[in-house]
Amino acid sequence: MSRTAAEIATQPQLWRRAAAEAARSAGAGRSRGASGSGGAPGSGGSPRAGVVLPRAGERVAVTGCGTSWFMALAYAALREAAGQGETDAFAASEFPAGRAGAYDRVVALTRSGTTTEVLELLARLRGTVRTAALTADPGTPVVDAADEVAVLDWADEESVVQTRFATTALAYLRAGLGAVPGVKPVEEAALDAELAVTEPLPEALLAAEQWTFLGRGWTYGLALEAALKMREAAGAWTEAYPAMEYRHGPIAITGPHRVAWVFGALPEGLAADVARVGGTLHAHASADPLADLVRAQRLAVALAEARGLDPDRPRNLTRSVILP
């Protein structure tokens with residue numbers, strides 16, 4: 001088993017821990033008040049974690065690069081669906097100049113804590129808006145660059161391709177929202193993930209030559225992430241779109257030996273449209289969409305291995321992008 005595959009399999013228990021950590025952090029944040037900052041890094045547990053979770057009513061921007069950006073998109077949509085407040089998501093390199101004053105808090109996601117674009121953005125925002133970061137490594141520059149930090153080092157991974165840290169960070173933020181209409185609690189998502197890491201992958205998915213991932217609302221970020229995993233690990237031809245945009249052009253790609261994969265609820269009529277053009281539909285509507293992302297992660301590893309690639313050493317990639 002590759003290291004990447006082994007780390008993918010650990011996600012159910014990590015999501016449960018994330019939910020428990022979020023509950024403790026939310027309680028700590030309430031006891032300190034909006035301006036509190038908690039303990040210092042290195043003091044044990046998740047340093048300054050309580051205030052990383054945005055408070056209801058705050059206007060928030062969430063940012064990151066690559067996988068972290070896609071998790072930011074998912075969280076932003078979840079937070080608005082929960083009625084917690086206006087929430088935007090940006091790639092760190094595309095954060096609008098002059099927009100910082102419009103937000104009460106900017107939350108950055110960075111597994112490595114060393115990503116150049118994230119660190120540059122936090123430096124630019126210093127003193128203009130409260131910043132927070134979720135990272136896997138307490139010994140990296142982001143700990144000093146953000147006002148508050150949650151270190152989920154227990155979800156870190158050796159793999160270059162992000163899997164468990166990204167989903168665990170989203171589980172942590174998602175659990176901090178409380179109840180979200182139409183979305184399962186994280187603990188139930190973990191149950192679905194246990195099936196996702198053990199059930200055999202359908203042969204039609206393994207034998208396909210192209211995959212289009214679709215989602216609506218918060219699951220659009222998951223669709224983008226699934227497509228990225230397939231490209232990173234297996235060099236596969238994948239695309240991702242909002243589900244209702246699929247019929248506005250992307251359906252032209254679908255045909256025999258090509259998959260349309262829908263995260264979450266299946267839009268009315270879409271199954272018939274995929275069948276009409278000869279494509280294969282994958283829609284696991286009863287499963288939590290985050291658990292279905294685990295299936296896509298497993299598929300990426302399986303395809304990489306079938307193509308003679310090493311998922312632990314993806315082409316042209318490093319753990320962190322550090323620019324000169």
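Predicted model: local features only at pLDDT ≥ 70, side-chain atom pairs only at ≥ 80, totals over all residues.
User: What is the strand order in the open sheet?
Analyst: The 5 strands run β2-β1-β3-β4-β5, with parallel pairing. Strands are DSSP runs of E, at least two residues, and helices are runs of H or I, at least four, numbered from the N terminus. Two strands pair if DSSP finds at least two bridges between them.

User: Which strands stand at the edges?
Analyst: β2 (87–91) and β5 (148–151) do; each has a single partner strand, so one side of each is left without a neighbour in the sheet.

User: How many bridges join β3 and β4?
Analyst: Strand β3 (residues 105–110) and strand β4 (residues 130–135) pair over 6 bridges, in the parallel sense. Val106 stands opposite Thr131 in β4.

User: Switching topic: which residues touch the most other members of the largest nonpolar core?
Analyst: Among its 72 residues, they are Trp15, Leu134, Leu170, Tyr172, Trp211, Phe213 and Leu222. A nonpolar core is a set of buried Ala, Val, Leu, Ile, Met, Phe, Trp, Tyr and Cys residues joined through side-chain atoms within 4.5 Å; buried means under 20% relative accessible area (1.4 Å probe, protein chains only).

User: Which helix gives the most to this core?
Analyst: Helix α11 (residues 289–306), with 10 residues.

Key: Residues numbered from 1 in each chain as written. Heavy atoms only, no water. Buried < 20%, exposed > 50% of the residue type's maximum accessible area, 1.4 Å probe, protein only.
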